[in-house]
Structure formats: structure tokens, C-alpha cells
Amino acid sequence: MQPETIRTDWTPDEIEAIYNRPLLQLIYDASTVHRQWHDPERIQVCTLLSIKTGGCPEDCAYCGQAARYQTGINVKALMKKDDVVAIARRAREGGSSRFCMAAAWREVKDNRDFDRVLEMVTEVAALGLEVCCTLGMLTETQAEKLKAAGLYAYNHNLDSSAKYYEQIITTRTYDDRLHTVDHVRKAGISVCCGGIIGLGETRENRIQMLHTLSTMPEHPESVPVNALARVQGTPLGDMKKVDTWEMVRMIATARILMPKAMVRLSAGRMEMSEYEQAFCFMAGANSIFTNENGELLVTPNPGMSQDREMMEVLGLKALVKEEVNA
């Protein structure tokens, strides 16, 4: 029943049938696939740092960093390189093997700030960490510059399905997102691309997004699955907490469709118990994001010490870089 090879020809009907399996059967099937491709006792610990916060001109309905919403977020200019490198060094000492830098930009511009980011990438990569960035839309040339600087991965989520996308964002198109993913892939950078659930979308929308991801010419190396982290002041600030079992279904289905990918349990963990997170790991998640300040960009997130305690209770160990790239 589980795929033994990588498939990129999944049909929507096949994905729907997987997604809608009885929950415990789905978890079992996904766990079986996970064990075929990964060590179930290892997860990758990633540190995510906002290197430029707030003031974004986009209208993403979920985002507390959009300038048009009154969210109380403190706008911060691009951080100094030495401060970023110092945080990356502490992250490595704390067990992280991947360091992600996020800037609240609509797109990368060829200016002094981008030059500073390239310097950050080079110095963080020199620490032996996988370096990931999420900076908005990229041109092919900009992707090539990031690759030359030592960038390992680039995050650019689809957020939702093509059909539901315009309900969430109007300041860029779905094709804009896909073009950036193509530029990243052409540059030889690892693709990190997933989405968010709890935006008001239907199961059909979720299945459509999974179809887009799993039928790319090459699966994303990294697939973040986010639960909406509600921010007051945004259009989605009063949405209900997404049901954890829907997170488990998304993770399990992603694991079956894209068996080689790192499926990342991302935003929303602050509202999940250890028990709920354990089901996500059982269903195939093998990565988490952490931060020394207990934040995931501008929303609360478990801190490093909490995550270490959880991992000890669940018998999970952090992947080291050599194991990640093996």
C-alpha cells in the first residue's frame, strides 16, 4: 500500500482517498512509510530567526507583520550581521543543525540590505549549519547569488491551494510563488515549501495544495505544515484553533505522498500538548522549529528548554548535520 519509490504523478482522487482514511489507519500507514525512509527516533531541530521584522506591504490575511494591520508588532530594521552570527552559534550549541533567517519583505531587492544578507549566509554556513532563508520573491539571479554565498535551502510556502489563495492574499499571485520555487530549484538550492491550515479553507483545498506539492517535478526537500498562529488585528485573528487531528492528517498524508521529504511541524505548536505533538511525530513529522526567545517570528513558540524536555520524554534525539545530508 505504501509507495516504495518516489512518485510525482499523484491524482487528486488518490490523495483524497489517503487523506480520508480512518485516522488510526492513516497514522499507521504514514508511520510505516516514515520508517522506510527515516529514523523515527531522530528529528531535525531548526532555529528560525526574524532578521527584519514587520512593515511588510503584503496583505496576507494571517500575518502579523503586514504593515496595513494594527497588530502591535514592533517593526525592526535588518539585524546586524555579528548579532545574527552569535545567535546562530548559540543555536548550533543548543542542538540545531539548520538555521533559518526570515525577512519581512515582499521581494528581494538588489541593494545594500541584500548584500548584508549574503554576508550573513556566508558566515552562518561557515559554522557548519544548514542555512535557510525566507525573504519573499526571488529572481533567478538573486537565487544564484544566495547559492554562491552558501545558502542550503530557501523557504517559500504556497500557503494554501490555488483555488483558495485569493481569499488569503491579493498582493501577489499563486504563480508568483511557483516561479520563485522554480528559481530556487534552478539555482541548485534545496526547496522548502509547504502551507498553512486553519485559514478557513476546506478539506478539498488542503488536498489541492498537497496535490500541487506532490506533483512538482521534484518534491520539496522540506515541507512545513503550519497551523494558523492567530494574531489579533489581522483578518484571521479570531479564527478558531485548528483541530489537531487535521494537522495529523495533513502530516500523515504529506509523509505518504512525499516520503523522502523532511515534514516539518511548524507554527501552532504553542497550542499543542506534548501528546498532540507526539501524534504528529508518529504520523511522520521529523522536524521542529525553535528559538531561544520562545518565538516563531512574531508568534509564541515553545522554547529550546521545553523542546529538549519533550524530546527526552518521547525518546527523540536531534539529527546532526551529517545525518541530515546522508
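Strand E1 (residues 42–52) is joined to strand E12 (residues 317–318) by two bridges, and the two strands run parallel; strands count as paired if DSSP finds at least two bridges between them. Helices (H or I, at least four residues) and strands (E, at least two) are DSSP runs, numbered from the N terminus. This is a predicted model, in which local features need pLDDT of at least 70 and side-chain atom pairs count only at pLDDT 80 or more, while totals for chains, interfaces and linings use all residues. Residues are numbered from 1 along each chain as its sequence is written, and side-chain values use heavy atoms, with hydrogens and water left out.

- E1 is mostly covered, since 10 of its 11 residues are buried, where buried means under 20% relative accessible area, exposed over 50%, and partly exposed in between (1.4 Å probe, protein chains only).
- Four bridges in the parallel sense link E1 with strand E9 (residues 287–290), and Thr-47 of the pair stands opposite Thr-290 in E9.
- Six bridges, again in the parallel sense, link E1 with strand E2 (residues 98–103); Leu-48 stands opposite Cys-100 in E2, and the bridge partner of Leu-49 in E2 is Met-101.
- From E1 the chain crosses through helix H3 (residues 81–93) to E2 in a right-handed β-α-β crossover, a term that applies if, with the strands pointing away from the viewer, the path from the first strand over the helix to the second runs clockwise.

**Strand E2 and the step to E3**

- Six of the six residues of E2 are buried, with Arg-98, Cys-100 and Ala-102 on one side and Phe-99, Met-101 and Ala-103 on the other, and both faces are therefore covered.
- E2 pairs with strand E3 (residues 130–134) in the parallel sense over five bridges, and the bridge partner of Arg-98 in E3 is Glu-130.
- A right-handed β-α-β unit is made by E2, helix H4 (residues 112–125) and E3.

- Thr-253 lies in H8 and counts as buried because its relative accessibility is 0%; not counting residues up to four places away in sequence, Thr-253 touches Ile-15, Ile-18, Tyr-19, Leu-26 and Leu-210.
- H8 is mostly covered, with 13 of its 14 residues buried.

**Helix H10**

- The buried residues of helix H10 (residues 304–314) are Met-304, Asp-307, Met-310 and Met-311, and their arc of only 125 degrees around the axis puts them on the same side of H10.
- These buried residues of H10 pack against E1, H3, helix H9 (274–282), E9 and E12, whereas the face turned away from the buried side carries the exposed residues Glu-309, Glu-312 and Val-313.
- Gly-315, whose phi is positive, near 75 degrees, follows H10.

How values were computed:
Contact means heavy atoms within 4.5 Å. The arc is that of the directions from the helix axis to the C-beta atoms.
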